[in-house]
Structures are given as C-alpha cells and as structure tokens.
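Have the structure open as you read.

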Amino acid sequence: MFPQFGATAETLSKASTMVFRIGTDAHLYDDPEDVNIAPLLDSKFDSEKCEALKRLLALIAQGFDVSNFFPQVVKNVASQSLDVKKLVYLYLLHYAEKRPNEALLSINYFQKDLGDPNSLVRGWALRTMAGIRLHVIAPLVLVAVGKCARDPSVYVRKSAANALPKLYDLRLEEHTSAIEEIVGILLNDHSPGVLGAAAASFASICPNNFSLIGRNYQRLCEILPDVEEWGQIVLIGILFRFVIARHGLVKESLMFSLHCTESSNSENDGSATKISVNEDTGYVSEDNDFGLDAEMSGNNVSEFAKMVCRCYIEGLDEYLSRLSYTNRGPSELNVSQFTSGKSNNDVKILLQCTSPLLWSNNSAVVLAAAGVHWIMAPREDVKRIVKPLLFVLRSSSSSKYVVLCNIQVFAKAMPSLFAPHFEDFFICSSDSYQIKALKLEILSSIATDSSISFIFKEFQDYIRDPDRRFAADTVAAIGLCAQRLPKMANTCLEGLLALTRQEFVSGDSGSVEGEADILIQVIMSIKSIIKQDPSSHEKVIIQLIRRLDSFKVPAARAMIIWMVGEYSSLGDTIPRMLTTVLKYLASHFPSEALETKLQTLNSIVKVLLCAEGEDLWSFKRVLSYVLELAECDLNYDVRDRARFIKKILSCSLGSQGLEEEINHLPQNKEPSRVIAEHIFGGQMKPVSPEPMNLRFYLPGSLSQIVLHAAPGYEPLPKPRSLLLDDFDLSNVDKGSNTLERARNSESYDTDDPESVSGSLDQETASDYSSEHSITHSSVSGGSDETGSVNEGDDNDDPLIQISDVGNACENEKGVSQSGSADLGELISKRGLESWLNDQPGLYNMSTSEQSQVCGSTARISIRDIGHRVKMKSYTLLDPANGNGLKVDYSFSSEVSTVALHLVGVEVFFKNCSLEPMSDIILEDEDSSKGSNSADQTLVATDSFLASHNDAPIMVSMEEITSLEPGQIIKRIIQARFHHHLLPLKLALFCNGKKLPVKLRPDIGYFVRPLTMDIQAFTDKESRLRGMFEYVRSCTFTDHVEELNKGKGENLATKDNILVICECLALKMLCNANLFLVSVDMPVAANLDDASGLRLRFSSEILSNSIPCLITITVEGKCHDPLEVSIKVNCEETVFGLNLLNRVVNFLAESSGVLA
Amino acid sequence: MAGAASALFLLDIKGHVLIWRDYRGDVTAAQAERFFIKHLEKEGDPQSQDPVVYDNGITYMFIQHNNVYLMTASRQNCNATSLLLFLHRLVDVFKHYFEVLEEESLRDNFVVVYELLDEVMDFGFPQYTEGKILSEFIKTDAYRMEVTQRPPMAVTNAVSWRSEGIRYKKNEVFLDVVESVNILVNSNGQIIRSDVVGALKMRTYLTGMPECKLGLNDRILLEAQGRAAKGKAIDLDDIKFHQCVRLARFENDRTISFIPPDGAFDLMTYRLSTQVKPLIWVEAQVEKHSRSRIEIMVKARSQFKERRVVYSVLFVSNPLQKVDSEVGSLFAL
C-alpha cells in the first residue's frame, strides 16, 4: 500500500508542475522515463493511467520496446474512461502480435465493449479487435463484424466495413464466403458513409465478384456524389470495372474509334495526315480496317493510342501475342466487346454520376472521374475532362506531378484534346525538374501548326534556362516537334543551327559539361530531323560539315562525321566536298577522341564503298593512311576496327589494279566486299518508329507513375466477361429485402432487356460481316466464357472450338482429331493415375495393359462416333397431305452463322409424286400473328428467349424452283423458336399452294457445344449446386444389343465398358448438340461391373450462352439394363429441367435410332 | 485498384522517424528510415524530387512541410493521387490542431497525433480528414472532463461536414471573394498567359441544418431561364466546389445549393482564363559595369485605377546565378 501511495504522491507533485505546461505533452516525449511507469498503470486515477500510457507511447515512438508492460496495460482495457481506452488500444495494436497470449486476455473486454451503448466505444472496440492480427481471434472478429454490420449506428457499420479487409488479410480461406457475404450486406447499406468503406473493402476482398455490384448498381451510382471523397475514388473504380465487365467498351468512345472503321468523323478539326500502312510493324492487316481518325495526326500517334487502350484492358503480354494473328479475328473480337453508349443505360448512368465529380475539390476524385470519361465517354464529350484536369494542376506540386504523368498519356493518345490549352503547360520557374520535363514532353506532343510558333518562342527562353539539363531536354523537344510537324522542320533546323553557333560562342564560359550536353542534343535533334527527309535538308548537312572544325565535343563531332558517311552521295555538293573533308578528317585523326575515331573509320569506308571514278583513288589513299594511323592507336578498339576493315577490304585496298575489277561487273563482287557493303552500307533505312514506352496503366493508378505493374494492379476486366444473367438470377432470388431495394432492382431489371438486345444486335452485326463463322464462334465463345470459367480463356484455337464432337459431317476430320485427342489424353491420364493409385502391386501388370487398351480403343471409338452420329429425322409433311411432297427435317448441330440464337434445321424435300413440282419454299407464317400472340405471352414469362422478340422468326430459305420426281433436295433453314417446347408454325408453298406445317423443336438443339476441360467442368459444376441442379434416372438398354452383337464377332480387344460408354455417348450426341468433356472409367476389379462409369457433357444455351452441364452416371452390370442417373446443372432452371426430361426420354427410349 | 498505404511516417528533416503508424504490418519503420535517408543523400535538393519513389518493392510517397516530411509507404498498387492528397489533407488537419506543423509541434502533441493517425486512416484507407469534424471527438485539451463522448453526428450523418444541433443567437453569413491573378510573362515582356484563380470564402454562423443557395450571374443559368444577360454573365465551367455543394443538382439545373459547414470554408474555387492586365508592371534592366559591379534598374508601374491604393508591395530580388559566380570569382582573387 505504502509504495503505491508514495508513487501517487510523487506524481501529484509532478502534476502540479505540469499545470504550467498545460496542453502539451512535450515533456512526456522528451523524457518519458523520468518516473516509474508501472505503478502509474496500476493507479486508481484515470489521469495517471493516461499519463503512463502516454509515456509508453512516447517510448514506442522513439523506438524502444516496451512490450514488457503488456499485461498491465491490457488490464486497463476495462477502464471506463475513453481516453484511457483509446491509449490502451493504441498500445495493444502495436504489441498484440508479439504477445498473442496476453492479447487474448483482452478479447473479453472487447466483447463487452461491443455491447456498449455508446457507438463510439463499439466502433473503436471493433476497429482495434480487427486490427489485432491474430488468427486465433479471427473467427470471433468475424462474428463481431457480422453483428456490427447490422448495427443501428452508421459509425459502427462503417467500422465493420473497415474491419473486413483486415480480416481478409489474415488469409482465412474458410471464411472467405462469409466475409464476402458481409461485404454484400454493407454494399446494400443506405448510408453513404458506410458505402465508402464498403467499397474499399469490396475492392480489396473480392474485386471481381461483380454480382454484388450488379444488384446495387443503379443505387450505388445515384449515391456516389454523397459518398465521402475517399470512398468516391474507390467506388468510381468499382463501378467502372463493373460496366466494362458487363457491357464492354463503349462504341462511341475514344477507345473504340482506335480500333474500328469509322472514317467519317469530321467534327474534329486537326491536321489529318493519312496513315500509311507501315510494313515494318506487322499491323498491316489491322491497318486495313483501321479508322483513319482525323484526330490522329501520324502513324505513331494512333498506334500509341491503340496501344494505350490495349494495355488498359489486357496488359502488355496479351497485346503483343495477339499481333501474331494476321487474320481478321482480332478486330472482330473488338466489335463484339463493345456496346453502344447511347442505348446502354448503365453506361449512361455511370457517366452522368461521375461528371459532376469533375468539379470535386479532391484532385484524386477528379482524376478518377476523368479516367472513367476518358475510356467510356463518347468522343465528343471527352473534352469535358480537360479543364478539370488543368485546374488540378494548380494544386500542390506533388499532385501536379502525378496529374501531369496522367495527362501525358492522354495528350499523346489524343493530342487534339489538350492542343488548345498548350499555354497551361508552359513552364514556371518554380516547377521542379520532373515537372518541367513532363511539361516539355506534353508540349511536344500537343503542338499543332497554329500553336507551334508560340511554343517555339517559349522554347527559346527555356534554352537559356540556368538548368542545363532542362535546356538539353528542350532541344530534344524541338527535335520531336519538328518530326511531328514536318512543316516546321526548316524553322526548327534554322533555330538549332543558330544554337550550335551560339553555344559554341558561349561554350567556354559557365558549366562546360552542360553546354556539351546541349550541343550533343542539338546535333542529335538535327540528325533526327534530317533523317526524315534527307534530300531537302542537304544544305544543313553541308553547313554542319563546313563547320565541323568548330565543334569540339567528341560526341557531336562523331555524329556529324556519321552524317558525312551516311549522306555522302546525296545531292551534288556533298560528293564534291568529300575529298577535302576526308583529308581533313585524316589529318585530325590522331587528335580525335575514341568515338570520333571509330566513326571516322566507318564513314571513310562508307564513302569509299559508294564512290566511283577518280575519287575512289584518293579515298583509298586516305583510308589506307588512316588505317595505318589507327593500327598504331593506343586504344585497342580502334586497332581492332582498323584491322577488321583492312581484312574485309583487303582486296580493294591492296593493289591499284583491282580498281577495274571492282568497277567491272557487279556480279563479280567479291564476297568480302559484299559483306562490307552490308555492314557499312545500310544507309537510308526508312525511319523506324521510335521505340515507344510500352507501359501504360490505368489513369490514376500508382503503376502509371512508377511505370511498372505494382503488386495488386489489375487491368480492366475483360470487356463483357460478365455473364449477362449471372446476377439477374440472384437478383430474383434475393429480391425479398426492403421495399426500396426491391423497387431498385425492379427498375434495374426493366432496363435490362433493352441493353441485352442492343448488345446482341451487335453480335449479330459482327457476324454478318464475318465470312468465317468458325472464327467468330470461337471468338465470342472465348469472350463469353471468361466470365464463367476463369481459366478457360485459352481456347481461342479454332480447331478445338468447333469440335462439337463431330456430329457435323462436314467437320468430321478436324473434329474427330481434336475430339479424340482430348478424350484419349483425358482417359490415359485420369484412368492411369487413378488406376495406379488405387491398386498398387497386384494388378500392376494387367492394369497398365488395360489402360493402354483403353486409351487406344477410346480413340477409335470416338472417331467412330463422329461418323456414326446421325440426326434423327422428323416428318414435317406427309406425302399424303402434301400432294406427294414429302418433307423431312432434322436438327443440325452447326452453330448458326447468322445469329447465335437461331437453330439450324436441315430440311429434305422429296418428290414422291410422278410430276415435277416447282416453286417450293418454306416460310414463316406471317398471317398467323394471332396465334403468335399466345406464344408471346409465354415468351414474356420465359426470360430465356425474351430478348429476341424483334429478330426474324426464320431466315428464309432459298427457293427450290423445281423438284423432279424422286429427287431429294436438302435445304438448311435457321429458325428461331419462341419456346423450347412449342412448335413453330410455318407455311410451305408448293406449286403456288400454301400448306401449313408445324416444326417441332427439339430442346437438345437449343444448346451448342461448349468446349471445356474437365477442370473447368468440375469448377463450374461446383458453382451450380442446389437449386440449379436436377437429377433424374432411367434405364438404359441400348448397349445390351450392342454387346450381344459383339459377342458373336469375338472382339476381344473391345472392352465391355467401352462399348457402353460409346453407346451412351452416341445416343447423347445423336439427340443433343453437346460437347463430350470426359469419360471416367470405373475403377473396379470386376470388369463386368459398369458402376461408376461417368460421362460429362457440356453445352451452352444458344440464346444467352448460359452454360449447361450434363453428367451421366451409370450403375449396374454390363450385360444387364443399366440404371443411369442424369444430372443437369444449369442456371436457367426451367430450361435445365426441360432438357433433363428430354435426355431421360431419349435415353430410356429403346434403340432403333442407332445403326 | 485495391491498394492501400501500409504505413504512415512523420519524419524530421534528416529523415529520422518522429512518429509512425503501422496500418498493415508489411513495412517497418527501420526499412523506411533507411530508404529515406539514403534517398535524401542521393538527391541534393529535396524540393525538386520526384514525390513518388519506388524502392525494393515498396513505393514511397512523400511531401515536405516546413521541417517535417510526411510519407506513406505501400506495397500495393494504390491511387497515387489520393494518397498524396491525403498527405496534404493531413497537413491541414495538423495545422488545424496545432496551428503550425513542424517537428516541435508534433513532439509536443504526439499523443494527439497518434489518435489522429488512428482516425484519419484505417488499414491504409483514408477516412475523415476534416479537421473540424475530427476535433469534435479527438480533443487536444488534456484536462477535459467530458461525461459523454459520442461520435459527432457529422460522422454518422449523410452530411459529414456539419454537426447537428448548432445554435446561434445571431445568424450570420459572410462571403468573401478572394482572387489571385497568375500571369506568365516571357522574356520579351509579352504576356503569354493570364488567368484568375478565385475562391468564394464563406464564414457561416447559422442555426440548425440550413439549406443555402447561391445565385451567380452564370451565363448558362440565365440563358436557361430565358433572361438575356443584362449585365455581365460569366461562364461557369472551370470550377471546383466544396464537398457540401450538391454536385448532381448543379449538373441538372445549375443551382448551387448546399448545407454549409459551420465556420469558415471555401465554397468554391474557380479559374478564369481572361486577359488580365497585371496590376503592377515591373521592368528590370541589368547593366554590367565591371567585373564587380552590376546595376539593376527596377521600374515598377502601377496599372490600376487611380482611386485605388495598393499596400504592401513586396519586391523579391533573386540573386542571379551569374552574379553569384562572378562574385565568387572576385573573392577568389
């Protein structure tokens, strides 16, 4: 008791001295250990505890380890005083990881605080609890977060949203779904304060779980301006990514114009230079249909912009890899990835909600909003972002730098945007060097013919800047400007030449090094300008050569000497000067610097190789003189070069007699001379585009500034990668929340069909233009699939894509190959592995043999299937009813070339009568509108076909002008069924008579094969459990006959199970348009037991590309009728159920269809 | 996009950590300190540095204020603009609390700094950065005895910049327009660019949750209302509004409506790029008389109306580099 009392007394006296220093804790920071902290912590008085804790904090700040106080501090968590609590929290967070056991002691107090009536206490408790990075308490925190997410207080809910990323950061795999669920709850919150934090947690936990956003999209957009500014930044990014994933890029936007044909846009001024197809770069094919955009004044620029867009979406690697494709595929891909900004509500809303944010006070918000507009807004609206961005430039210098980094990319991709505002990029003396450099770069890329004179005036001042590094940059910028604007080249050259004189005059005073740099830069700029059009700048070259003596800087000299060699045969004057120049060079050779020496040698050889007649003789003498000097040079590089040249040109140098020989006949050229010409004569190459900085990242991201993908950087999601109905369904499921939300989601749904139909129209359009339906199907399939099967985007190989396991006779070849290869590989791998694992030792021999057999026979059997798949044919018109015309039809497995949702039907017309028939045509029964309306109502209830109401019912077939008796003519029609069960009423015209017929749909052909591997299949399947899964079973007997047939013929190699599997597969493929994913062999000792045989088929629904998976599992003995259970996994539940019924029906149907 | 700061550092002028707050636990203070000191040594003049530096997997962003560096470190791709702006806001918050932000004031108030750092950023995500709001639940006074401390209504409210229950006997609103003129003149004395950056500074002492509206002679608004611009109408397009202005409303019908924060704030800032005559025209003539003597003639001419008087004109003369070097050489002799 006493020592404690003493301590208190001591602190009391201390406290009295403290009165004079009220309000500052400086003394605590300066000497935190001047009192004993431990007793203070145990004090009864909150103020003393506070002081002790402050001392501890001071020690922490100064880097001391005070974790030994942990137990004592933790005890104080129970304190009622908020001050003490807060300080304890701070301490706890700092040391909890180091002292996990003691930290656990505090949990109870946290739990208690979570029930505190004061919301501040609850919020702090949750925040601190989540901040303790201990796995042990994570489940507790999760429960607490879940509770707090429904707290009445906004502050607490916000804390809950903030706590989620902390939890997620602990990598709790088993809780991920629970965490995501809470994110969903919080995103539903109506308070903007919570939404900001919820957006941040969404972005860091599940940035690609767009279904959470889809449900709330419109509401989130509306509330966006009210969210606190930091949340706005994150939320804009999320909404933006969602729209890209859902609808793709916008057709009217800048990004689109960079890809697609749109040659007639004259609303933008600017000098349009025709883009010449650049042979070197391999863009040839794309350039053909590449819009010659008026804004793009030069090849480099447009390519630059295209690249920017590409990099945004897919990152650099993919972009480069796609360049290898030379077919029209890539550009088609783009078309299907775009949506129309005018008809798409989601895009419109996003743009509407972000545009006021351009006036925000927060520069990061402005930049984020500008980024959205940059990529999404119609081109004529992009200029909205210009002024806000320029205004942001007025803020602090550090954000100025960041904004300039972004403007730089914008300006390069679309110079016209910033061109009128060039004055804003003029340099102020207070700018830092980085900012100056960025501004220069922007200026040189936005200069136009009208502004260039002003810009040059500025540049002239910049050259006089005391910062010589900056002056050199300016010179380089002048060079760039001249290259961009060929008209200005002469003016630039004059200016630069003047500069060389001036520099030289003032070169002896001031910092010599800086001046030299500038001179080098000047010559380099001149060089690059001349390169563009050497013949018109002949005089400049002459001038430079004349004044060669006055240039002292070795690098500059070397460059001029290079020009001598390069342009030695240009015009009339230069060749006449050459002799003198070479002599001059030779005489100065010993005193030159290394690089100049090397360049001199090169140039003389170049001159020599081009020379003719009497000059040659003198040149040779010069060369041999120089070579002699060079061979005795101190530097080994020069010596080596000399020897090398000597060797190569030995013959032409050796004796004068050879002269004739050289001039003799070109074909007699010696190899060494040819080599020499190749090495030195590679002049006059076309100007290759500047190696561009290939790194572009999304506007506003850190990666754009440090120019590498920082960890966590993600490009935009794949356009339209989000399945359309991915969340519409869930929308319906969970639509039973609050009234308000229901209304929102409803209104959202109503918007939907419109956008869907719009987008589908686009796909159709792209289809029409594509001559190659296969490429297209692969492309669109690929883009659709990425959303559903994340790993499945590597199937852009058309060969695999068309492999609908070959029920299409035409594709037999490719199909059987790919299909069999797939199957063989799968079987050998899966079969062998499972076999070896399950039965080691005993069955080793036989099994390996077995599996081999499996592999090989499987291959055969599948190819057989390709042949044997036969379409079931139905009668459309009986000869009895049709005056002797017999019409049969069967469904075709080919994917329609016109539109995705059309079903191909092969119709066979046979004339059974004795007279020829004429004018046979099958048409949509137009007059039957009345009966259609009944279907329409059905359609409305069935969302699956709802979006195609406006499409034609049938692509009309080619008319059969005449049909001879006994003749059979095949026609393929493509029909759109209103419903997958109801027949389509058509009218058949024959000999001028109209016969009503009914085309009965087969649901098996409302799907198309969807190529995927087993992994993708199981992955997908696991996501479609519960209400999306239907199972039915039936008895399958077809194989019995097949096996009995096999018995007689003694097919020892043919495995019973294989026969069954073949039968089943055949039956399935004959009746439905599916893709056989895998066949799992039963792993049992008994060869007669077929139990466990499992076939997997995949397909996607024609109309909406929703995947539909079918798994067939077999039970029973091989020779008995088998019990088959069929499982369908499909999001479109009605469709799935109907398909299941159909499959059960035809499987149970006894054979007879099979040959 | 999902990027957040890992830690926040307050460093002294030599690059030593004064106070730091760890948010995600993947960057240590020692690491950051080492980097920063190295960085300071490498780059001579800290003013002209790149504010974003990547080093060994960590990206550092920093700004300088007086003799303090504020720096964030991050291992992820984060929004650079927002973090830099956040640092600036942090400076404002500190200034709001301690009047001046410098090493000494940080030391003096380190506990409050800790509390603030805890509140302004959570797990690397910026939170409330309004000094006024923060000061309602983080008090500087060590001897306050408040019975109930609750989160201010502002935090829990949709209107995060104003607390409820504010009462004044006398309701007052002050509106100041402060404009600054920026002129860029080239060496020939020609004006290349001139613009006006102005701010509407308000001070409000109003009761309750008042909804205010500000009418301006906005050309678009006037034209929309069918009133031909009688006097001068202005184009309001290059503007920035305080958070409190309902941007969506302005977008729709061009009315500036807002619930003002209590006290002083900048309602709106704008920029006009019009031809402005500089108020005072200064011409300087430099004459070199000998190696040691330079004559600089500065002529200042006022260009504003006669009846106005300007106070406190300040000339700042920058010693030219050339003078420097020549004086240097003189002394060497």
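## Ground rules and chain B

A residue counts as buried when its relative accessible area is under 20%, as exposed when that value is over 50%, and as partly exposed in between. Keep in mind that this is a predicted model. With that cut-off, 47% of the 333 residues in chain B are buried.

As for secondary structure, chain B has 9 helices and 15 strands. Take the contacts in chain B with a separation of 6 or more: 56% of them come from residues 24 or more positions apart.

## Where the two chains meet

On one side of the interface, 93 residues of chain A make contact, and they meet 84 residues of chain B. Together the two chains bury about 8100 Å², with 57% of that on carbon and sulfur atoms.

What about polar links? Between chain A and chain B there are 15 residue pairs in polar contact, with both residues at pLDDT 80 or more. Sorted by class, the chain A side that touches chain B holds 49 nonpolar, 23 polar and 21 charged residues. The interface also has 6 salt bridges. One of the salt bridges between these chains pairs Glu229(A) with Arg89(B), whose closest N and O atoms sit 2.3 Å apart.

Another salt bridge to look up is Arg127(A) with Glu119(B), where the closest N and O atoms are 3.1 Å apart. Arg127(A) belongs to helix H8 of chain A and Glu119(B) to helix H4 (residues 110–120) of chain B, so this pair joins two chains. Are these two residues buried or exposed? Both Arg127(A) and Glu119(B) are buried.

Over all chains, the count of salt bridges comes to 28. Among them is the one between Asp151(A) and Arg122(A), with an N to O distance of 2.6 Å. Asp151(A) is in the loop between helix H9 (138–148) and helix H10 (154–169) of chain A, while Arg122(A) is in helix H8 (residues 119–131) of chain A, so the pair ties together parts that are 29 residues apart in sequence. Asp151(A) has 9% relative accessibility, so it counts as buried. Arg122(A) is buried too, at a relative accessible area of 11%.

Further along chain A, Glu592(A) forms a salt bridge with Arg557(A), and their closest N and O atoms are 2.8 Å apart.

## Thr204(B), a residue in a strand

Thr204(B) has its place in strand E9 (residues 191–205) of chain B. Its relative accessibility is 0%, so Thr204(B) counts as buried.

Which backbone oxygen does the side chain of Thr204(B) reach? That of Pro261(B), at 2.7 Å. Leaving out residues up to four places away in sequence, Thr204(B) touches Glu172(B), Val173(B), Pro260(B), Pro261(B), Asp262(B), Gly263(B) and Phe265(B).

## Cysteines

If you're wondering about disulfides, the count over all chains is 0. For background, a disulfide is a covalent bond between the sulfur atoms of two cysteines.

Cys632(A) counts as exposed because its relative accessibility is 65%. Cys78(B), on the other hand, has 2% relative accessibility and so counts as buried.

## One last stop: Asp924(A)

Asp924(A) is found in strand E6 (residues 917–924) of chain A. With a relative accessible area of 21%, Asp924(A) is partly exposed. How far apart are Asp924(A) and Ala975(A) in sequence and in space? They are 51 residues apart in sequence and 9.1 Å apart in space, going from C-alpha to C-alpha.

Definitions and conventions
Residues numbered from 1 in each chain as written. Chains lettered and ligands numbered in written order. Predicted model: local features only at pLDDT ≥ 70, side-chain atom pairs only at ≥ 80, totals over all residues. Heavy atoms only, no water. Contact = heavy atoms within 4.5 Å. Buried area = accessible area lost by both parts, 1.4 Å probe. Salt bridge = Lys/Arg side-chain N within 4 Å of Asp/Glu carboxyl O. Polar contact = N/O pair within 3.5 Å; in protein donor to acceptor, adjacent residues only side chain to side chain. Nonpolar A, V, L, I, M, F, W, Y, C, P; charged D, E, K, R; others polar. Disulfide = S-S within 2.5 Å. Buried < 20%, exposed > 50% of the residue type's maximum accessible area, 1.4 Å probe, protein only. Helix = DSSP H or I, 4+ residues; strand = E, 2+ residues; numbered from the N terminus.
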